[in-house]
Amino acid sequence: MMLDLMNQAQSILTSLDKQSEKIKSEHRVCLNSSIDMIRYLLKEGNLFRGHNESVTSTRRGHFLDLLTWYADRKEDVKNVVLEKAPKNSTMTSPDIQKDIVNSCAKETVKAIIEDLNGDFFGILVDESKDVSHKEQMALVLCYVNKEGELIERFLSLVHVKGTTAHALQKEIYSLLLRHSLSSSLIRGQEYNGASNIQGNINGLKALILKDNPSAHCFTHQLQLTLVAVAKKHHDVNNVLIFLLMF
């Protein structure tokens, strides 16, 4: 009995620790597999869900089909995912997929902010209605990175309660503040294509310019100038059409 007690390799605690490490390792492989599949689908801009995701379905959606394909080629993955995974921890449910997507989005925005490096930037704003007819505002950052390259990065899409100049200004400032960006660093504004807020563009520009005189809207002014000139000069109009074709 004393010898058995001294042999810690055979103890219950050691056995449980080994089992716990095995479970952790398998869980990590299962989770990383789901993360890798989701990262690929996000990069390609593909849909996740299928109309029929049952085991007998031949088209379970891109996420489950891709995970099945991956598992068939990786033995260590095949043994711990999908039907082989614990029923309470498959890492494939819609909620898990959304959590991973949200985490990827946060990491992407974090990388954009780090690339901006606290420097000046321009904002590109557009709006549209979703399927429930709620107004959405998309915000894109335009800046020059450390390599001197002109970069445009989509920052976020948010629902807005109204499209008045004051409401849009409040949403823009709130969105920038959420990502630790100061409106004082804005050096350009662009609202091209925002059909529902066209009537409020001048008011919105004026409000932002009042707070920050350096936040000019050169791109929008250039576009209006080109459109006006193209209407009166056929040669300019033909050149613009030719450029748009390529």
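Among contacts in the protein between residues at least 6 apart in sequence, what percentage join residues at least 24 apart?

**View 1. Overall fold of the predicted model.** Of those contacts (heavy atoms within 4.5 Å), 54% join residues at least 24 apart. The secondary structure comprises 9 helices and 4 strands, taken as DSSP runs of H or I with at least four residues for helices and of E with at least two for strands, numbered from the N terminus. This is a predicted model, in which local features need pLDDT of at least 70 and side-chain atom pairs count only at pLDDT 80 or more, whereas totals for chains, interfaces and linings use all residues. Residues are numbered from 1 along each chain as its sequence is written, and side-chain values use heavy atoms, with hydrogens and water left out.

**View 2. Helix α3 and its buried residues.** Phe-63, Leu-64, Leu-66, Leu-67 and Ala-71 are the buried residues of α3, buried meaning under 20% relative accessible area with a 1.4 Å probe and protein chains only. Because they cover an arc of only 165 degrees around the axis, given by the directions from the helix axis to the C-beta atoms, they lie on the same side of α3.

**View 3. The largest nonpolar core.** This core, a set of buried Ala, Val, Leu, Ile, Met, Phe, Trp, Tyr and Cys residues joined through side-chain atoms within 4.5 Å, has 27 residues, and Phe-121 and Leu-141 are among those with the most contacts inside it. Helix α6 gives the most to this core, with 6 residues.

**View 4. Surroundings of Phe-121.** Leaving aside neighbours within four places in sequence, Phe-121 is in contact with residues including Leu-116, Tyr-143, Leu-176 and Gly-188. A second, separate core of 18 residues includes Cys-30, Leu-41, Leu-82 and Met-91.

Key. Buried < 20%, exposed > 50% of the residue type's maximum accessible area, 1.4 Å probe, protein only.
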